[in-house]
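The structure is shown first.

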Amino acid sequence: SERMHIRIGGSFNYDNDKILFNGNRVVQAIRGGHLKLKLTNRLSEKIKINYGVEYLNNSFSQIYQDQKDSIGVDYQNNTYAAFVEGDLYTSSKFVMRIGVRTSYADHINKFNVAPRVSMAYKFNKETQLSLAYGMFYQNPKDEYLLYTQDLKQERADHYMLNFQFDKKGRNIRAEVYYKDYRNLVKITDDKFYLPSAYNQKGKGYDYGLDLFYRDKKSIKNGDFWVSYSYINSKRDFRD
């Protein structure tokens with residue numbers, strides 16, 4: 001209908017690696033699936049709601065073979081997620097989006113809630129300023145989950161300020177951001193196959209600046225752009 005839209009999507013991936021080194025052989029297989037259902041409901045001219053569910057399946061297996069032994073390990077994880085977000089148009093110049101995402105990973109038996117908010121103000125037809133915050137989670141690497149179920153998702157908090165100007169063939173974009181990382185996995189022992197070799201005391205941060213200028217007007221029949229990026233990233237994680 002004009003007020004309700006439904007989107008359904010899915011994907012599947014398969015990856016198989018065979019590695020030979022010093023007469024030893026490692027075979028790794030990764031299989032994954034992703035299904036997503038999203039509904040958009042426009043309640044009025046000023047309020048729009050997006051909500052939906054997701055299902056992700058990931059399986060990982062690894063076989064190590066040398067001249068004497070063959071050792072195989074594997075794991076499977078199912079992640080179930082639901083989300084809802086609302087767009088609120090308070091005026092022709094200001095819009096706000098508030099949302100939350102929840103997910104559960106059954107392999108590590110962890111549930112999390114991730115709030116997100118963004119807002120944008122349009123000074124005029126050409127100029128806009130936006131601000132955003134979001135909390136994001138991801139599962140630890142497959143190589144860690146093969147040997148332990150005692151980990152939780154790694155977390156990142158994103159902060160972003162964005163400025164855009166677009167007028168008669170000239171476009172300027174500037175963005176500054178800061179990302180705070182926590183619960184990063186650290187490996188504290190050479191015996192990587194023991195659950196006790198892992199903890200999540202790792203942390204880190206990124207901050208940076210992106211600048212972009214495009215001009216399709218100054219040079220007749222010409223189009224050029226210039227971009228600059230700066231990033232400072234430090235993390236205490238892994239080994």
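Strands β6 and β7 run antiparallel and are joined by seven bridges; strands are DSSP runs of E with at least two residues, numbered from the N terminus, and two strands pair if DSSP finds at least two bridges between them. The model is a predicted one, in which local features need pLDDT of at least 70, side-chain atom pairs count only at pLDDT 80 or more, and totals for chains, interfaces and linings use all residues. Residues are numbered from 1 along each chain as its sequence is written, and side-chain values use heavy atoms, with hydrogens and water left out.

**Strand pairing**

Four residues lie between β6 and β7, which form a hairpin. Within this pair, R116 has G134 of β7 as its bridge partner. On to the next strand, β7 and β8 are antiparallel and joined by 12 bridges; here Q128 is bridged to Q164 in β8. Elsewhere, β3 (residues 47-65) pairs with β4 (residues 70-89) over 19 bridges in the antiparallel sense, and I47 stands opposite L88 in β4.

These pairs belong to an open sheet of 11 strands with antiparallel pairing, in the order β1-β2-β3-β4-β5-β6-β7-β8-β9-β10-β11. The edges are held by β1 (4-21) and β11 (224-236); each has a single partner strand, so one side of each is left without a neighbour in the sheet. On average, neighbouring strands of this sheet are turned by 10° against each other, direction ignored; the axes are lines fitted to C-alpha atoms.

**Charged contacts**

There are 10 salt bridges in the structure, a salt bridge being a side-chain nitrogen of Lys or Arg within 4 Å of a carboxyl oxygen of Asp or Glu. Among them are the following.

| Salt bridge | N to O distance |
|---|---|
| R155 and D157 | 2.8 Å |
| R182 and D180 | 2.7 Å |
| R214 and D223 | 2.6 Å |

Accessibility is classed as buried under 20% relative accessible area, exposed over 50%, and partly exposed in between (1.4 Å probe, protein chains only). Both R155 and D157 are buried. R182 counts as partly exposed because its relative accessibility is 33%. In the pair of R214 and D223, R214 is partly exposed at 31% relative accessibility, and D223 is partly exposed with a relative accessible area of 35%. Salt bridges that share partners also join K48, E85, D87 and R97 into one network.

**Aromatic contacts**

Rings of Phe, Tyr and Trp (its six-membered ring) pair if their centres lie within 6.5 Å; planes under 30 degrees apart count as stacked, over 60 as edge-to-face and the rest as tilted. This rule gives 10 aromatic pairs. The rings of Y205 and Y207 are stacked, because their centres are 6.0 Å apart and their planes stand at 5°. Y205 is partly exposed, with a relative accessible area of 24%, and Y207 is partly exposed at 35%. Both tyrosines belong to a cluster of Y133, Y159, Y178, Y205 and Y207 linked by ring pairs.

**Nonpolar surface**

Which residues form a nonpolar patch on the surface? They are M119, Y121, F123, L129, L131, L161, F163, I172 and V176, with about 680 Å² of accessible area together. Such patches join nonpolar side chains (Val, Leu, Ile, Met, Phe, Trp, Tyr) within 5 Å, from residues with over 30% relative accessible area and no salt bridge. At least two residues of the patch come from each of β6 (110-122), β7 (127-138), β8 (154-167) and β9 (170-187). V176 is placed in strand β9 and counts as partly exposed, at 38% relative accessibility.

Notes:
Patch = residues over 30% accessible without salt bridge, like charges linked within 9 Å, V, L, I, M, F, W, Y side chains within 5 Å. Areas by Shrake-Rupley, 256 points an atom, 1.4 Å probe, with all protein chains shown as cover. Axes fitted to C-alpha atoms, helices over the stretch in contact; angles between N-to-C directions.
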